[in-house]
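Have the model open as you read.

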Amino acid sequence: MPDGSFASHPQERQFNPYSENGGTILAIAGADFSVIAGDTRQSEGYSIQTRYAPKVFRLTDRAVLAVNGFAADGNMFVKKVKQRLEWYRHAHAKDMPLKAIARLIQTMLYAQRFFPYYVYNILGGIEEDGSGAVYSFDPVGSYEREACRAAGAAQSLVQPFLDNQIYFKNQLAAPNQPHPVHLPLSDVLSIVIDSFTGATERHIEVGDGLEIYVVLAHGRSVQGLEGVPGVQELTTSGEGDRVFVIRRELKKD
Amino acid sequence: MTHITLTLCTNGQVITRIHLQKEYNELRTSVLALKFKDGIMMAADTLASYGSLARFKSIQRLQPVGSSTVIGASGDMSDFQYIQTLLDELTVEEFTAGDHHELGPAEIHEYLSRVMYARRSKMNPLWNSILVGGVKDGKSFLAYVDLLGTTYSASTLATGYGAYIALPLLRKAVEGREHELTEEEARKIMEESMKVLFYRDARSLNKFQIATVKESGVTISDPIILETAWGFAEGIRGYGAQTQ
Amino acid sequence: MSIMQYNGGSVIAMVGKDCVAIASDLRLGVQSLSISSNFEKIFPVTDRLYIGLPGLASDVTTLREQFRYRVNMYTIKEEREIEPQAFAQLVSSTLYEKRFGPYFIEPVIAGMQKTPSGSYAPFIAATDLIGCLNFAKDFVVAGTASEKLFGVAEGLWEPDLEAEDLFETISQTLLNAVDRDAFSGWGAIVHVITKDKIVILSSSAFISPGLGLAS
């Protein structure tokens with residue numbers, strides 16, 4: 001077309017620097033513990049890339065980070081957060097407090113405001129006052145401290161279930177028996193497992209394996225963890241908060 | 001295949017736009033890999049296509065890196081050759097350190113994933129999917145990295161059409177048996193999978209190489225030409241030479 | 001946005017022990033603007049059979065009348081009431097007639113089906129907008145909150161729930177799901193069907209625990 005009229009039909013193949021790798025994460029805060037969980041399937045479209053790609057990472061003995069969305073961004077983001085925490089350790093000879101990690105994550109995410117990390121972050125752990133905490137973020141750094149949060153492919157399946165079971169939404173308390181503000185650890189673990197088995201049943205991008213991280217406040221007993229099959233402790237230093245991981249199978253179809 | 005638009009302007013006015021349509025030599029076909037008892041095995045055919053043209057029929061797509069790693073590439077051929085030069089430079093640089101340390105498969109994969117992710121972040125990707133495999137210090141390693149910087153690891157991996165056609169076969173044969181499969185059994189699984197791929201992937205060749213990495217080192221086979229039988233096509237409408 | 005989300009609304013049906021339940025929200029909206037909080041989407045077909053019609057509100061009316069007409073014709077010709085199983089097929093073929101210009105409705109059917117022995121068995125079904133039937137043994141969902149309904153129902157539902165417990169389960173499932181959906185909510189209605197009784201509880205009337213079916 002010599003007149004250049006084809007210019008109105010540009011047919012360029014633009015490179016898309018993003019992808020979606022499925023999976024779901026969630027976190028629930030207790031009075032003196034925090035539970036952070038994620039499935040281990042990584043997929044692209046209808047293909048399962050691997051049945052074991054962790055989305056939940058221990059940052060310190062009191063902080064655990066779950067990342068979900070574009071896996072390459074997620075892994076790079078976790079790598080950079082860990083690097084910043086190491087620098088902090090070298091400068092201050094202690095681990096960064098949880099709320100400071102939360103603010104660090106917001107800053108790091110917002111720094112990429114115009115080429116964002118395509119990742120939803122949930123940070124769980126123990127605050128300096130010994131309370132269990134969950135912070136959730138959007139990809140560009142908006143964040144909030146909450147009692148529970150689900151994110152990822154099955155967020156819309158899991159979050160309303162959590163509203164009902166954690167916040168007791170739509171349930172009226174019996175007279176003189178108000179709903180508990182925090183649930184015991186064993187109840188929280190059951191709710192986490194039920195959430196993921198439910199999501200696995202109805203969402204194709206969720207399944208294969210489940211990793212549940214449990215952070216216990218300094219001095220708390222392991223009540224609720226004893227008797228759970230396959231618990232593994234990941235704590236690095238003696239005194240202080242403790243981190244555990246529980247690994248479970250999920251359906252692989 | 002990439003489309004490039006050149007825009008010619010004077011005083012902010014667009015005079016003309018020239019559309020270039022450049023076809024690159026592509027390594028479109030699959031790379032397959034699996035873990036077995038003594039290490040890892042990787043296979044790739046020797047074809048580099050140019051669109052639908054089978055342009056180069058004897059290209060090696062499996063490359064040893066150091067003495068305990070092998071990489072296999074699909075995607076753009078020139079980008080792969082660039083990656084090979086990067087890895088050569090890296091190997092030489094590490095050698096000249098003279099500390100008798102050598103990069104193993106995990107380090108090579110980490111390096112590649114950083115390069116790939118950095119290039120995608122500059123919106124100028126290296127258009128490849130690469131498998132990295134090897135054995136070092138008694139531990140076998142197998143992982144994937146692509147143009148987006150996406151990485152993952154599993155006991156069976158495949159790129160391209162192999163991920164749809166061969167991977168289910170590999171998973172069925174390998175998953176849960178990684179520590180009992182012998183080299184001979186692994187080779188048999190590979191040959192069978194490559195045969196199935198050749199039958200169904202139009203951009204593939206029945207000439208391929210198999211790389212094996214064990215504690216003792218890397219071996220890359222000479223090209224293997226598979227015997228295939230097309231007799232069944234005779235009676236199938238659309239396959240054979242029927243006129244109607 | 002899809003025409004399926006234009007007016008909003010959701011329906012769910014569940015199987016219990018010798019009973020079924022079907023429930024919906026009461027919202028009618030125009031995209032994000034809420035217009036009405038008493039727009040019913042569930043209609044009786046026979047004494048033991050109900051249909052829920054979430055989707056485009058104008059098609060709710062059209063299909064309700066269409067089904068009423070066809071069920072009446074069936075009753076006259078056959079000289080008997082239509083059974084849930086047969087009605088599901090009628091719904092399916094009615095929708096498939098418009099395969100290439102469909103009604104934007106995803107019906108949910110719940111009823112008690114007469115068995116050869118003369119007793120009644122719970123029956124639920126749902127179809128997509130062109131009539132692909134789904135006979136589920138546990139629960140079916142449809143509408144703008146369908147994903148949320150799936151998530152909560154998968155967590156709360158269990159086999160062989162008695163009518164009172166089924167009522168509680170379906171109510172909690174619906175309420176918590178629509179509370180996370182911008183296009184559903186604004187009140188709810190629940191129908192519990194047993195072989196000889198239908199209990200309908202609407203809106204805020206039932207949002208108190210232990211109220212049960214007695215009231």
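## Where chains C and A meet

Between chain C and chain A there are five residue pairs in polar contact, both residues at pLDDT 80 or more; a polar contact is a pair of N or O atoms within 3.5 Å, where within protein one must be able to donate a hydrogen and the other to accept it, and residues adjacent in sequence count only if both atoms are side-chain atoms. α3(C) gives the largest share of chain C's side, eight residues. Three salt bridges turn up across this interface (a side-chain nitrogen of Lys or Arg within 4 Å of a carboxyl oxygen of Asp or Glu). A:Arg202 and C:Asp138 form a salt bridge at 3.8 Å, N to O.

This is a predicted model: local features need pLDDT of at least 70, side-chain atom pairs count only at pLDDT 80 or more, and totals for chains, interfaces and linings use all residues. Side-chain values use heavy atoms, without hydrogens and water, residues are numbered from 1 along each chain as its sequence is written, and chains are lettered from A and ligands numbered from 1 in the order written.

## Helix α4 of chain A

Helices here are DSSP runs (H or I, at least four residues), and strands are too (E, at least two), numbered from the N terminus. α4(A) has buried residues including A:Leu189, A:Val192 and A:Phe196 (buried means under 20% relative accessible area, 1.4 Å probe, protein chains only). Their cover includes β1 and β11 of chain A, plus α3 of chain C.

## What A:Ile212 touches

A:Ile212 is in contact (heavy atoms within 4.5 Å) with A:Leu189, A:Val192 and A:Phe244, among others, leaving out residues up to four places away in sequence.

Technical notes. Buried means under 20% relative accessible area, exposed over 50%, partly exposed in between (1.4 Å probe, protein chains only).
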